Amino acid sequence: MEADPEKWRRQKKIEEFILTKERVNLRGKLRDDDISVVASALARSTTLKVLNLGGNGGSIGDAEIKLIADALLSNPNSALQELNLKFNNIGDDGAKYLAEALCHSNCKLL
């Protein structure tokens, strides 16, 4: 299987933004395979304060929310204060994962 250079560039840009910016707007811009990059970068980010992942309905469901919640839990140095997840396909399980993450001391979301 050949590597997709466009996909690689897009995902490197997402990772770079999350690791270097204070505000990142990915509203409606994610593809199904991008969320693992978002989660990996969130687990390492120390500067990002606001992340908009709204409007990615087909790309963010319960399994993807689990990745994001795990990333939030694993990063004690996270500066993230605001996470927009509006207009996604988050069900009961995804809500449970988020609730568990929000109760953890590593999570600083307001």
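(Helices are DSSP runs of H or I with at least four residues, strands are runs of E with at least two, and both are numbered from the N terminus; buried means under 20% relative accessible area, exposed over 50% and partly exposed in between, with a 1.4 Å probe and protein chains only.)

You're looking at a predicted model, where local features need pLDDT of at least 70, side-chain atom pairs count only at pLDDT 80 or more, and totals for chains, interfaces and linings use all residues. Residues are numbered from 1 along each chain as its sequence is written, and side-chain values use heavy atoms, leaving out hydrogens and water.

Which residues of α1 are buried? Pick R10, Q11, I14, E15 and I18. Now look down the axis of α1: its buried residues fall within an arc of 135° (taken from the directions from the helix axis to the C-beta atoms), so they line one face of the helix.

Next stop: N56, in the loop between β2 (50–52) and α3 (62–74). Is N56 buried or exposed? It counts as buried, because its relative accessibility is 3%. Show its surroundings too: beyond neighbours within four places in sequence, N56 is in contact (heavy atoms within 4.5 Å) with residues including L26, F87 and N88. Zoom in on L26, whose backbone oxygen lies 3.0 Å from a polar atom of the N56 side chain.

Methods:
A polar contact is a pair of N or O atoms within 3.5 Å; within protein, one must be able to donate a hydrogen and the other to accept it, and residues adjacent in sequence count only if both atoms are side-chain atoms.
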